[in-house]
Amino acid sequence: MLKVHSRCDLSCDHCYIYQHADQTWRGRPTRMPPATVQAAARRIAEHAREHGLPVVHVVLHGGEPLLLGAAGLRDVLAELRSAITPWARLDLRMQTNGVLLDEELCRLFVEYDLRVGVSFDGDRAANDRHRVFAHGGSSHDHVRRALALLRRPEHRTSYAGILCTVDVRNDPDRVYEALLAESPPRVDLLLPHATWDQPPERPGPEPTPYADWLGRLHRRWVDDGRPVSIRMFEALRPGGGGTEAFGLAPADVLVIEADGSWEQVDSLKTAYHGAAGTGFDVFDNSVDEVARHPGVAVRQDGVDGLCLTCRSCPVVDRCGGGLYAHRWRTGSGFDNPSVYCADLLRLIDTVDAYPPPTPAESGEWSATSPATSPADEVLDDLATGHGSASTLALLAATQLSITRALLAACRDRSGATAAWDLLVHLDQAAPEVVRAVLAHPFVRPGLVHRLDSSVLPGLGAAVDPLPALAIAAAVRAGVPAVLHVPVRADAITLPTLGSLVLPGLGESAEVTVRPGGFQVRAGSVEQMVLLDPLAPPSTGWLPTRDVSVPGGPVLLEDGDPYRDCYGQPVASRLEVPAARALGRTLADAWRVVHRDVPAHAAALDGGLRAVVPLAPDPARPLRSATARHAFGAVAVTPHPDPETMAVLLVHEWQHAKLGAVLDLYDLVEPGQGTRIRVPWRPDPRPPEGVLQGVYAHLAVTQVWQSRAATDQPDASAHAAHFLAWTRDGADALLASRSLTAAGERFVAQLRHALEETRVGSR
Ligand code: SF4
Ligand code: SF4
């Protein structure tokens, strides 16, 4: 925490910096001088370099940091970035009262990817009870204007949340509503700083007014479906992970004051004059030296650093003795429970009285706890990079379930009861056949397109896909049937079987399933199609073609019209020599995957069912793609080199798996508008895109690490390159606070897998 300015334009009477025991601010420079900023940045960079830290969090604080003005703030941000980013990802934050916040500053925040928390105590009466100017005037409108600026779509990525200090004299419902009205990504509720020497205000006879007040707010929050992340409530849940104020995690905050002094956490200023001091400064002392200071070290000891009462407390793992400063009592120092002990005990009871949040509300998982649910197990398994056969089978089964749901929705829409009835009959008589047809990767795009043609633009007119699906299943099952099948561009496509392309078919054709094939009638056209490969070719019939690969046959899909769902041009049907050449490359590439990364090969064997050739583009000869609605398929340019093709297959299959996971679990907080900088793209990316990139690059890293182990030329350099990308992307995601609890768990496990492969490759 960097105290870049030590004065403030507000005069809040609950401020621990100016109104409580510590008064060291009086002897400090008004603003942090440039030489001190430089020395601080170098110390942080030195620590990141020496310990190989993936990410450093720096919070700009005050006083009021915006008193620096835009130019002064830019200087500080530039200094921090240039010193620290060569060694670690820099997560920049700021805590402000918002009074001076304007558009120019917002643009600066976005430019430097700086996340801003605003102090705001709720409705006008609540906020202005304490948060006023020196002349007593209200700050409420100023702060609301600042919050409105941060909420704008172009600034939203810089809106970190609201910090609200509790006052039990305020109306909890009105405070809750006022906070929610500002649409913050996160709310931090702060108990007013107090000690056993200066106990908190308890205006009524109730013994636990803070627990009662917070309990009321908690109930509203649960009843509303936990619409916003409230850190205090989440931290106090079993396995909630803790914060600086709760839990047993080691303290990881140090403060650099405006004069360059190293200090302990800021809240200690409430205990006594000089309580936060260490005697060290950034000019002469490193972070490691400060970390050995007894006041810092004792806060690394978990439960052993607490008083006897706390150590025997049944909820110590969640409470952690409360905020360190709140334990102070003259005589016994910090060796006491929190002055809020009774409130904390009761509040934890209140939190426990409600059911845990559903995954849709905020996820059940913390990043480090052992797997306790099937969802945990699936995510943990996939976070290894590849995923087991049973997980792949689960993903395939859930994708099929989604396709069936879409099919039912289309039935409701189309009224094609004959096709539906035939499918239902076949689902009972020959379920494996219906499963095989519905598992074809391009069935779902057709259904989605039929239900909403705006989802997959470029697929042309939407037709009812049910009759073609039913006929395909009937043909495969050898069950006689007659249906009218819609025609698209002179073609009828039967998924998994092929396409009949004949001029003059019109808009609809009668298709009759007969032994060995099917007959088509439309106007003057009458055509029998025999599917026996030994029979003479039927006019206009373009059968699908399989490629034999180590994992079994894979479809070379160059005919289904719904394969055109990748947002880039697909190749039209390949001539026989080109199809054979691609088939050979794919089979060789598959063997390369088995050679390099057998665990990924097993995952490919378990799920990849079709490969779509993309249209050649001399400007971009190496392209590949997956589509969220086409699980089981990847699209690639027909590159002749199996080693290259192997990397493309592994890379794209990661996207397909993660897409299926995202159909099941919310890993990214919805609707945040966050954008994250990543090393593999010039433009900041949304969190889901970063997650996809990280997951794909993890697998590519593993491929190159395996090749490096067999001394393939340049493999070590490629491995290091992709390792850095994956690590930086994962750290950026974790720092972005844009993941759900399940997402954080997934990325944290993935990060762990990355470290394992790194160690393994040494
Ligand atoms: S805005 Fe913050 S720093 Fe300024 S007086 Fe209020 S509490 Fe203190
Ligand atoms: S402060 Fe109270 S509730 Fe918290 S751990 Fe200590 S004894 Fe338990």
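**Notebook: helices and a ligand shell**

I started with helix α24 (residues 715-736), which has 22 residues and reaches 31 Å from first to last C-alpha, close to the 32 Å expected at 1.5 Å a residue. The expected span is 1.5 Å times one less than the number of residues. Helices here are DSSP runs of H or I with at least four residues, strands are runs of E with at least two, and both are numbered from the N terminus.

This is a predicted model, where local features need pLDDT of at least 70, side-chain atom pairs count only at pLDDT 80 or more, and totals for chains, interfaces and linings use all residues. Residues are numbered from 1 along each chain as its sequence is written, chains are lettered from A and ligands numbered from 1 in the order written, and side-chain values use heavy atoms, leaving out hydrogens and water.

Just after α24, I found Arg737 with a positive phi of about 55°.

Then I turned to the whole protein chain: 56% of its 762 residues count as buried, and it has 25 helices and 22 strands. Its C-alpha trace spans about 100 × 60 × 50 Å along its principal axes.

Last came ligand 1. What surrounds ligand 1? I noted Cys8, Leu10, Cys12, Cys15, Gly63, Asn97 and Arg131, each with a heavy atom within 4 Å of the ligand.

How values were computed
Buried means under 20% relative accessible area, exposed over 50%, partly exposed in between (1.4 Å probe, protein chains only).
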